[in-house]
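Here is a short briefing for a reader new to this structure. Look over the sequence and the model, then take the points below topic by topic.

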Amino acid sequence: MLNIEKLSAGYGKFSIIKDISIEVADGKTVIIIGPNGAGKSTLLKVISGLLTPASGTIYFDGQRIDEKAPHEVVNLGISVVPEGGRIFPELTAYDNLRAGAYPKRARKHFKENLQEIFHLFPILKQRKNQLAGSLSGGERQMLAIARALMSEPKLIMLDELSAGLGPIVVTHVFEHVEKIKARGYSILMVEQNVLKALRLADYAYLLESGKLQFQGTEQDFRQHPHIRLSYLGI
Amino acid sequence: MLILNGLVNGLLYGGLLALLAFAINLIFGVLNVLHLAYGQCVMIGLYIIYVLTILLHIPFIISCFVAIVALVGLNILIHVSVVQPLLKTPLLNQLIALAGLIIVLENVALGIFGGDYLGFNLIFPAFAIGEVYIRISMLIPFLCSLAALAILWLFLHKTYTGLAIKAVVQDREMASLVAMNTKQIYLITFAIGGLLAGIVAACFAPIYVVHPHFGLAFTLTAFVTVVLGGLGNLLGGFIAAFFIGIVSQIGAIIFTSEIGEILVYVIFILIILFRPQGLLGVKVRSA
């Protein structure tokens, strides 16, 4: 579904990621882990079209997307939950969900999708007329995920979902991801919380200093000595 | 009662200022650009209305409609040729370019029409409710302005394009991540600015006379309104417009119109001294 080949990108003279090749198969959950500054967010920015790559290609559903603008990429079926959620603070929760349904194909089924979302996230139904900026951190993250789902995506990209959230909230948020995974969405997740992320992964990549250092299944990662030491604390 | 008349006149004047303020705030909120040449656009609209109605004997309403369409076109042209190419350059470049546009538009008017004043010279009736006199020439534009603002409010809150505009104002990168075409939104916003400029010109036509430097006076008042209300804040601009309208008209009725103007600026300076972000503005903390 998503095929990235030998992708390199950076900001001006600063090269952030080099020769990255990643694949997300249909319906699978792929995790990218790595330390701060490894280039994980930069990678998601390039895929979503916010940043132009220096070299390499990205194919989504057979179509080349590395030269496309962000709104075109989202219209093709990739939805993004950026770091911090970035809900629109001065819109109500309901309007944030309307914003998520902006693509024309999603507008047609707005009412049904909205009921689905309220079923998945009952708190959002309660708070639908509240200004999004006044929601709690966990609720905002939930709203950001719900907003991404409203566009009827094929692939959902999640950037550091657990960032800035307390441990119990993180558990809840990951439970939501499990629910989404169970519905058959393809997920590409960037995470620092390796322990929790690995449990959801069909496949994982380790990104360090802009390069892919290791890739494999959850088992492969759990048995790898460097990863056990540096990321799992075992 | 003098003050009551001042109040009523102030409300009527404020209604028109509110349209100007709305357009400038919208453009600033979406594009982060101050449309310095906005008064000049209204001036061009007025010239079109006068030329069509007086010289070509076209019915007033049709002239207004033509002017509105022309101003939408003019602002789209301004956006595509002046604003959009400079969007990623330093703010100063954008401001200077728009200031240059002021000079261009004024001199185009000067070149075509000369420095003479052009206007309708009509006298409109006024009616009285008790001791308060209401001029029809101000009442109709006021009602049009309110109607336009109401339609705009509905547009912003009920349509998907309006939603996109609100989203771009708050977080333009995120807006593009929910499939909103920000370039298109910029263009639409400028077009709306042109539409409003046309409506303002239609409302001003019966009351004012136009000359090439007409824009300057209104640009100053419009920007004072916008800053007073809080730059970028639509509701703030609305409130500030009526505030300024009322203060200037009450001042004009009690003293003279010059004192009314001075009063506006004195109060503006005082408010900004103690609340630099304006009435409803957001305080920006310096690093």
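Tyr203(A) in S9(A) is the bridge partner of Val30(A). This is a predicted model.

*Pairing of S3(A)*

- S3(A) and S9(A), which covers residues 203–208, pair in the parallel sense. Four bridges hold this pairing.
- S3(A) also runs parallel to S8(A), residues 186–191, and five bridges join the two.
- On the S8(A) side, Val30(A) has Leu188(A) as its bridge partner.

*Burial of S3(A)*

- S3(A) spans residues 29–33 and is mostly covered, with five of its five residues buried.
- In a regular strand, side chains alternate between the two faces of the sheet.
- Both faces of S3(A) are covered. Thr29(A), Ile31(A) and Ile33(A) are buried on one side, and Val30(A) and Ile32(A) are buried on the other.

*The four-stranded sheet of chain A*

- Four strands of chain A form an open sheet in the order S2-S1-S4-S5, with antiparallel pairing.
- Its edge strands are S2(A), residues 14–24, and S5(A), residues 63–64; each pairs on one side only.
- S1(A), residues 2–11, is joined to S2(A) by seven bridges, and the two run antiparallel.
- Leu2(A) stands opposite Val24(A) of S2(A).
- Helix H1(A), residues 40–48, packs on this sheet and touches S1, S2 and S4 (55–60) of chain A. The direction of H1(A) makes about 70° with that of S2(A).

*Domains of chain A*

- The domain assignment gives domain 1 as 2–77 + 154–230 and domain 2 as 89–152.
- The C-alpha centres of domain 1 and domain 2 of chain A are 23 Å apart.
- Their contact takes 11 residues from domain 1 and nine residues from domain 2.
- On the domain 1 side, the elements giving two or more residues are helices H2 (70–76) and H8 (167–182) of chain A.
- H8(A) gives the most to that side, with five residues.
- The residues of the domain 1 side divide into six nonpolar, four polar and one charged.

*A helix pair in chain B*

- The axes of H1(B), residues 2–31, and H10(B), residues 234–254, come within 6 Å. They cross at roughly 145°.
- The crossing of H1(B) and H10(B) is right-handed.
- The contact between H1(B) and H10(B) has 20 nonpolar, 10 polar and no charged residues.

Definitions and conventions:
Residues are numbered from 1 along each chain as its sequence is written. Chains are lettered from A and ligands numbered from 1 in the order in which they are written. This is a predicted model: local features need pLDDT of at least 70, side-chain atom pairs count only at pLDDT 80 or more; totals for chains, interfaces and linings use all residues. A residue is buried if 20 or more other C-beta atoms lie within 10 Å of its own, exposed if 12 or fewer, and partly exposed in between; C-beta atoms are placed from the backbone. Two strands pair if DSSP finds at least two bridges between them. Axes are lines fitted to C-alpha atoms, for helices over the stretch in contact, and angles run from 0 to 180 degrees between N-to-C directions. A crossing is left-handed if the near helix is turned anticlockwise from the far one by less than a right angle, and right-handed if clockwise. Ala, Val, Leu, Ile, Met, Phe, Trp, Tyr, Cys and Pro count as nonpolar, Asp, Glu, Lys and Arg as charged, and the others, Gly among them, as polar. Domain bounds come from an automatic or database domain assignment. Two residues are in contact if their C-beta atoms, placed from the backbone, lie within 7 Å.
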